[in-house]
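Open the model in your viewer and keep the sequence panel beside it. The tour below goes from one selection to the next and says what is found at each stop.

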Amino acid sequence: ITWSIRTTASNSQQINAVYADNNFYLAAGVNYINEASLMVSTDSINWVQRTSGAQRGLNALIKQGSTYVLGGEAITTTWFQRTSGFGATAINQLATSGTTYVAVGNAGTLTASTDAVNWILRTSGFGTTNIAGTTYFNGEYLIGGAGSAVLWPARTSGPASIICTSI
């Protein structure tokens, strides 16, 4: 694989999340003055800055169907702002099974939604430890953070979480 460095439109200090779908690309992060940065591209070479509505950094980005979900800190947006259940805690990562969205963040916060509109706080198994990331694969959410990992099965019955001390 040969990698090529590209310059984004916002002079971003840090890109925290990316998304690609056919000829549409999104990159989200934070710029040099700690403001949210959202860029779009149709070729992954030329980037255009877009308004995200977030006051500070964007950490997570996901799409399911025609719905895009952004997560970060202090989002007051002209998109469709939703109450995530995170309060002042940052959303660090998002994942979807195709029917359920999951958002994870600092202080062990985990919320779930079936429509990306109404979010329900769930028990993560992390206590107050920060959750750094999540993904969905083969019927289960894998959630990782400081010191441990939690495998959170996408079940309709049975235990809500299985705690693993290592992967």
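Rings of Phe, Tyr and Trp, the last with its six-membered ring, are taken as a pair if their centres lie within 6.5 Å. With that rule, a search of the whole structure, which is a predicted model, finds two aromatic pairs.

**Stop 1: an aromatic pair**

Select Tyr-101 and Trp-119 and show their side chains. The ring centres are 6.3 Å apart and the planes stand at 55°, so this pair is tilted. Planes have to be over 60 degrees apart to count as edge-to-face and under 30 to count as stacked. Tyr-101 belongs to strand E8 (residues 101–105), while Trp-119 sits in the loop between strand E9 (110–113) and strand E10 (120–122). The pair links distant parts of the chain, 18 residues apart. Are these two residues buried or exposed? Both Tyr-101 and Trp-119 are buried.

**Stop 2: the sheet around E8**

Now colour strands E7 to E10. They form an open sheet of four strands in the order E7-E8-E9-E10, with antiparallel pairing. Strand E7 (91–96) and E10 are at the edges with a single partner strand each, so one side of each has no neighbour in the sheet. On average, neighbouring strands here are turned by 25° against each other, direction ignored. Between E9 and E10, which run antiparallel, there are three bridges. To see a bridge, select Leu-110 and its partner in E10, Arg-122.

**Stop 3: the whole chain**

Zoom out. How many helices and strands does the protein chain have? The count is zero helices and 14 strands. Of the 167 residues in the protein chain, 39% are buried. Among contacts between residues at least 6 apart in sequence, 32% join residues at least 24 apart.

**Stop 4**

Select residues 24–31, which are strand E2. Six of its eight residues are buried, so E2 is largely enclosed by the rest of the structure. Ala-27, for instance, has Met-39 in E3 as its bridge partner. The two strands form a hairpin with four residues between them. In the turn, look at Asn-34, where phi is positive, at about 65°.

**Stop 5: Ser-41**

Stay in strand E3 and pick Ser-41. Its relative accessibility is 3%, so Ser-41 counts as buried. A polar atom of the Ser-41 side chain lies 2.7 Å from the backbone nitrogen of Ser-44. Setting aside neighbours within four places in sequence, Ser-41 is in contact with Asn-23, Phe-24, Tyr-25, Asn-46 and Trp-47.

**Stop 6**

Next, select strand E5 (58–64). Six of the seven residues of E5 are buried, so this strand too is largely enclosed by the rest of the structure. Its antiparallel partner is strand E6 (residues 67–72), joined to E5 by six bridges. Leu-61 stands opposite Leu-70 in E6. E5 and E6 form a hairpin with two residues between them, and Gly-65 in the turn has a positive phi of about 65°.

**Stop 7: the largest nonpolar core**

In soluble globular proteins, nonpolar side chains tend to be buried together. Which residues make up the largest nonpolar core here? Select these ten: Ala-17, Tyr-19, Leu-26, Ala-28, Ala-36, Leu-38, Val-40, Leu-58, Leu-61 and Leu-70. Strand E1 (12–21), E2, E3 and E5 are the elements that give two or more residues to this core. E3 gives the most, with three residues.

**Stop 8: Tyr-19**

End with one member of that core, Tyr-19, which is found in strand E1. Tyr-19 has 18% relative accessibility and so counts as buried, the cut-off being under 20%. Leaving aside neighbours within four places in sequence, Tyr-19 is in contact with Phe-24, Tyr-25, Leu-26, Leu-61, Lys-63 and Tyr-68. Its side chain also makes a polar contact with the side chain of Asp-21, at 3.1 Å.

Methods: Residues numbered from 1 in each chain as written. Predicted model: local features only at pLDDT ≥ 70, side-chain atom pairs only at ≥ 80, totals over all residues. Heavy atoms only, no water. Buried < 20%, exposed > 50% of the residue type's maximum accessible area, 1.4 Å probe, protein only. Pairing = 2+ DSSP bridges. Core = buried A, V, L, I, M, F, W, Y, C linked by side-chain atoms within 4.5 Å. Axes fitted to C-alpha atoms, helices over the stretch in contact; angles between N-to-C directions. Polar contact = N/O pair within 3.5 Å; in protein donor to acceptor, adjacent residues only side chain to side chain. Contact = heavy atoms within 4.5 Å.
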